[in-house]
Amino acid sequence: MSEYDDGFAVFFEEIKQHPQYNIDKIKQAYELADKAHNGQKRRSGEPYIMHPVAVAKILFELGMDNECIIGALLHDVVEDTEYTLSYIGENFGADVELLVDGVTKLGQIPLSTREEVQAENIRKMFMAMNKDVRVIIIKLADRLHNMRTLQHMPEYKQREKSLETLEIYAPIAHRLGIRAIKEELEDAAVRYLDPIAYREIENSLSMKQEEGENFLNDIKAQISERITPLMENANITSRVKSVHGIFRKVYIKGKSFEEIYDIYAVRIIVNSMIDCYNALGIVHDMFKPLPGRFKDYISTPKPNMYQSLHTTVLSQSGVPFEIQIRTWEMHRTAELGIAAHWKYKLGKGGRDSLDAGLAWIHRMLETGEESATPEDLVANIKGDLSVEEVYVFTPKGDVKSLPTGSTVIDFAYAIHSAVGNKMVGAKVDGRIVSLDYVVNTGERIEVLTSNQQNKGPSKDWLSIVKTGEARNKIRTWFKKEKREENIEEGKLIVEKELRRNFIRFSGEKYNEFIARIAERQHFGDTDEFYAAVGYGGIQISRLMPGIKDEYNRNWKEDKEAEKVVTSNVVDKPRKTSQSSNGIIVEGIDNCLIKMAKCCSPLPGEEIVGFITRGHGLSVHKRNCVNVPQDLEHSAEPERWIKAHWDESVKIETKSTLDVYAIDRDGVVLDITSKLMNMHVKIHSINARPINDGNCLTTLTMAVNSKEHLENIVKIIRKIEGVYHIERSGL
């Protein structure tokens, strides 16, 4: 028996002390892995079998079950050897087969970029997690051992793996509540990503090591003297903050070493919840608590099931330190997180109680389904997995956790997509706030909604929201509800991007070219392609390298013809014509004129016309985002036409406003009275209650200019209780 077999033998003897494990199956799994990996070496020069055994040991220390240990021993067999998943299933059962498949990277799928490979592997991992969360626990143990031996990898691989660990795997360990793995992964990642900062923190801690140990021992003795006579089985321990925790506060948040109040922490573990609060009273009597530094995670647990009382106090010598107080059961969950449910609740028997704690996995899968590109998927997952979280309350007192930096819109979509889609405003602690308001821990948030049938989100929200969940739900709404508008806007975006890249066609050639691009992107027709661009599902700029290649390879012969067509258009004499809706345009006769839905110009606003292909003339506001600043030097200046409102024609246009207000007697009467005093003709008015003591008044009226409408809005906004007004249909 080799020294490596001896290493497994020691591990095997430890396992034999625990009757819940199937010793014969574990030995069989080891023998298969040893045979399968025979002759394979790690970069360190050690036989490869050392890696799966080390992963199995980590899982054993976490208290994971029989299938997890076997899955760890076999987790690289399918990826690196001739053995198949079906063989694993036949010999070790369906559960082990699922676990091994879940941690096996994608194989024979042709993917063009590293981002696509990473995204698809992450997507597969989350799908497997959704079936059995033990998949990710094996994956975390696998990544932990790889990080422990990362010194044998090339430098670029060290940084690549460390960044992925910090952005994906450590946050997952945090979400699952496995503190020990989370902190070791973070510290190892910082060691390779910023070795200078890591050494500085280590040196600072080592310089204070003796002083810190003496300080903590003195504090523990003082607390023990007061608590142990009163509480049976109380345990007082201490810890020093992790390197990554200090790194984040010093090098990312810009704090000095002395400003970190929880470098030193004392942990008090007691028998019952009542003892926790009694212990809190004792320590607050012994030491001066710092204002605003108390957190009760017992009454309000974190989403990863963590429970504890946290308080920061000052010692008699003026040194701040943190005290954590919890029961023994809370301590097991704090250290092992979800793994504690296998160790203390007999495997999957406690699965039902975990559903709420694992709801974020389902949200991640939804995010993955709606992500337009691999880059979007990875970016969304990284954002939603953020370790930094805020905890806010619904009006009913339920707790919602969101990544730091989330807005009230993110909160609305975290409740339900219907709430986000109908959102018109928000109150934080009873106070009306703007939609870009960033929420903070402890705030009570109320979402104000509208029951209006065509109410929906604004595309501006895509640049406001923080979470991938909210971003994808907004895109989904536009995809389903605004198809015609999406097609029109998509056409404008595509034409603008092609002009910017000097890709020009005339007539049917343009339509043929777009049809070819749509086909390459797997759309059924060009309208589907335009709609996807319009609602933001596809970013046309990311497709341009492929589009340029298609143009140069297959459509190059049309370029000279395009120049002739362009020249002819530019040389045509300009004519002037007037439309029936009071718009004067130059250079075209008898052309269909319509208002661009992307900006909906009103009389009095500076406008410009754009000749669309086969759809007449589209009139835009001059400052519309789809209009180039310099028309003369744009890609296709001949398609931009001068236009202006005919001042001699008095145009009256219908405009609809949605007025949101606190529901009170007389609010509709006040609105109509103001409009009558302004001699505004009202075509229709409809008022109805919406939610939580609010009401929505929808009124359609006649306006003759932008300034006229702005003046109306200004007057209505002064009415008591009115908190939001918006133009309907935009």
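How many bridges pair strand 9 with strand 11, and in which sense do the two strands run? In this predicted model, strand 9 (residues 423–428) and strand 11 are paired in the antiparallel sense over 5 bridges.

**View 1. An open sheet of 3 strands, in the order 10-9-11.** The pairing in this sheet is antiparallel, and its edges are formed by strand 10 (431–433) and strand 11 (445–449), each of which pairs on one side only. From one strand to the next, the twist averages 35°. Within the pairing of strand 9 with strand 11, Gly425 stands opposite Leu448 of strand 11.

**View 2. An open antiparallel sheet of 4 strands, in the order 19-20-18-21.** Strand 19 (682–689) and strand 21 (722–727) each have a single partner strand, so they stand at the edges and one side of each is left without a neighbour in the sheet. Neighbouring strands here are turned against each other by 15° on average, when direction is ignored. Strand 18 (residues 653–662) runs antiparallel to strand 21 and is joined to it by 5 bridges; Val659 has Ile725, in strand 21, as its bridge partner.

**View 3. Helix 28 and the loop that leads from it to strand 19.** Helix 28 (residues 667–677) lies across strand 18, strand 19 and strand 20 (694–703), and runs at about 15° to strand 20. The loop between helix 28 and strand 19 contains His679, which has a positive phi of about 60° although it is not a glycine. Most residues other than glycine have a negative phi. With a relative accessible area of 73%, above the 50% cut-off, His679 is therefore classed as exposed.

**View 4. Asn233, in the loop between helix 13 (209–227) and strand 1 (235–240).** The phi of Asn233 is near 65°, again a positive value in a residue other than glycine. Is this residue buried, partly exposed or exposed? Asn233 counts as partly exposed, because its relative accessibility of 48% falls between the limits of 20% and 50%.

**View 5. The largest nonpolar core, with 63 residues.** Leu59, Leu74 and Leu140 are the members of this core that touch the most other members, and helix 9 (residues 134–148) gives the most to the core, with 8 residues. Leaving aside its neighbours within four places in sequence, Leu140 is in contact with Tyr169, Ile172, Ala173, Leu176, Ile178, Ile181 and Leu185. Another core lies apart from this one and has 45 residues, among them Tyr413, Trp477, Ile517 and Met544. In soluble globular proteins, nonpolar side chains tend to be buried together.

**View 6. Val243, in helix 14 (residues 243–252).** Val243 has a relative accessible area of 8%, which is under 20%, and so it is buried. Not counting residues up to four places away in sequence, Val243 touches Asp187, Tyr198 and Ile201. The C-alpha atoms of Val243 and Val190 are separated by 8.1 Å, and these two residues are 53 residues apart along the chain.

How values were computed
Residues are numbered from 1 along each chain as its sequence is written. This is a predicted model: local features need pLDDT of at least 70, side-chain atom pairs count only at pLDDT 80 or more; totals for chains, interfaces and linings use all residues. Side-chain values use heavy atoms; hydrogens and water are left out. Two strands pair if DSSP finds at least two bridges between them. Axes are lines fitted to C-alpha atoms, for helices over the stretch in contact, and angles run from 0 to 180 degrees between N-to-C directions. Contact means heavy atoms within 4.5 Å. A nonpolar core is a set of buried Ala, Val, Leu, Ile, Met, Phe, Trp, Tyr and Cys residues joined through side-chain atoms within 4.5 Å. Buried means under 20% relative accessible area, exposed over 50%, partly exposed in between (1.4 Å probe, protein chains only).
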